[in-house]
Amino acid sequence: MGQIATQFILSEADQTTLTDLVSKGKESVRKLNRVRALQFSHQGQHPEQISHLLGISVATVYNLRKRYREDGLQRAISEKARPGQPRKVTQEVEAHITQLACSQAPDGRTRWTVALINERLVKLEIHIDDESVRLALKKANLSPGSRNSGASGR
């Protein structure tokens with residue numbers, strides 16, 4: 001079932017802040033939609049109307065109102081940080097790659113290749129793809145095809 005729309009009131013200071021944000025026009029569309037949703041709510045518009053006007057879900061309108069009441073204006077109109085997926089190639093993994101690239105090439109080989117380095121990493125239970133190994137070598141300014149010790153700094 002849908003929620004019951006309750007009267008929504010913004011403080012004078014918050015109304016001024018929201019008006020300033022809209023008039024400047026330097027904010028993201030997502031943030032401006034949140035600002036406009038709060039303004040429309042204050043004007044007495046029903047969440048379904050606001051949803052239709054702004055192209056956002058009704059749940060978003062209710063969630064905005066709830067965040068405003070519980071946590072204040074800044075929390076309601078701003079987004080939480082989105083850290084993304086953690087890096088697979090950490091500094092520790094980069095150190096393993098560099099150590100391998102700078103060590104003596106395996107028996108029967110004259111130099112390290114990206115594939116050989118990756119095979120050795122798999123034995124160490126570090127699972128990344130060849131391109132990640134190549135990028136780590138590039139970042140360390142190493143080349144697995146160089147003649148001395150498998151790799152050299154440039």
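The model is predicted, and local features need pLDDT of at least 70, side-chain atom pairs count only at pLDDT 80 or more, and totals for chains, interfaces and linings use all residues. Residues are numbered from 1 along each chain as its sequence is written, and side-chain values use heavy atoms, with hydrogens and water left out.

The protein chain contains eight helices and zero strands. Helices (H or I, at least four residues) and strands (E, at least two) are DSSP runs, numbered from the N terminus. Read from the N terminus on, the order of elements is α-α-α-α-α-α-α-α. Of the 154 residues of the protein chain, 34% count as buried. Buried means under 20% relative accessible area, exposed over 50%, and partly exposed in between, with a 1.4 Å probe and protein chains only. Contact means heavy atoms within 4.5 Å. Among contacts between residues at least 6 apart in sequence, 51% join residues at least 24 apart.

Two packed helices are described by the angle between their axes and the distance between the axes. Axes are lines fitted to C-alpha atoms, for helices over the stretch in contact, and angles run from 0 to 180 degrees between N-to-C directions. The axes of helix 2 and helix 4 cross at roughly 80° and come within 10 Å. Helix 2 is therefore roughly perpendicular to helix 4. Angles under 35 degrees count as roughly parallel, over 145 as roughly antiparallel, 65 to 115 as roughly perpendicular and the rest as oblique. On the side of helix 2, the residues that meet helix 4 are Arg34, Ala37, Leu38 and Ser41, and their partners in helix 4 are Val61, Leu64, Arg65, Arg67 and Tyr68. The contact of helix 2 with helix 4 comprises five nonpolar, one polar and three charged residues. In this classification Ala, Val, Leu, Ile, Met, Phe, Trp, Tyr, Cys and Pro count as nonpolar, Asp, Glu, Lys and Arg as charged, and the others, Gly among them, as polar.

Leu64 belongs to helix 4. With a relative accessible area of 1%, Leu64 is buried. Leaving aside neighbours within four places in sequence, Leu64 is in contact with Arg34, Ala37, Leu38 and Ala76. Leu64 and Val35 are 29 residues apart along the chain, and their C-alpha atoms are separated by 9.2 Å.

The largest pocket has a volume of about 240 Å³. On a 1 Å grid over the protein atoms alone, a cavity is a set of points where a 1.4 Å probe fits but cannot get out, and a pocket is an open set with protein on both sides within 12 Å along at least five of seven lines; lining residues have an atom within 4 Å of a point. Grid points are joined across faces, edges and corners, and a volume is the space filled by probe spheres set on the points. The largest pocket is lined by 13 residues, of which Arg30, Arg34, Thr60, Leu64 and Arg67 are the closest to its centre. The elements that give two or more residues to this lining are helix 2 (29–42) and helix 4 (58–71). Helix 4 gives the most, with four residues. The lining of the largest pocket has seven charged, four polar and two nonpolar residues.

Val114, Ala115, Ile117, Asn118 and Leu121 of helix 7 make the contact with Asp130, Val133, Arg134 and Leu137 of helix 8. These residues divide into six nonpolar, one polar and two charged. The buried residues of helix 7 are Val114, Leu116, Ile117, Asn118 and Leu121, and they pack against helix 6 (91–102) and helix 8.

Asn118 is buried, with a relative accessible area of 9%. Apart from neighbours within four places in sequence, Asn118 is in contact with Ile128, Asp129, Asp130 and Val133. Val133, found in helix 8, is buried with a relative accessible area of 0%. Val133 lies 8.5 Å from Val89, C-alpha to C-alpha, and the two are 44 residues apart in sequence.

Most residues other than glycine have a negative phi, and most peptide bonds are trans. Glu125 has a positive phi of about 60° although it is not a glycine. Glu125 is placed in the loop between helix 7 (114–123) and helix 8 (130–139). At 68% relative accessibility, Glu125 counts as exposed.
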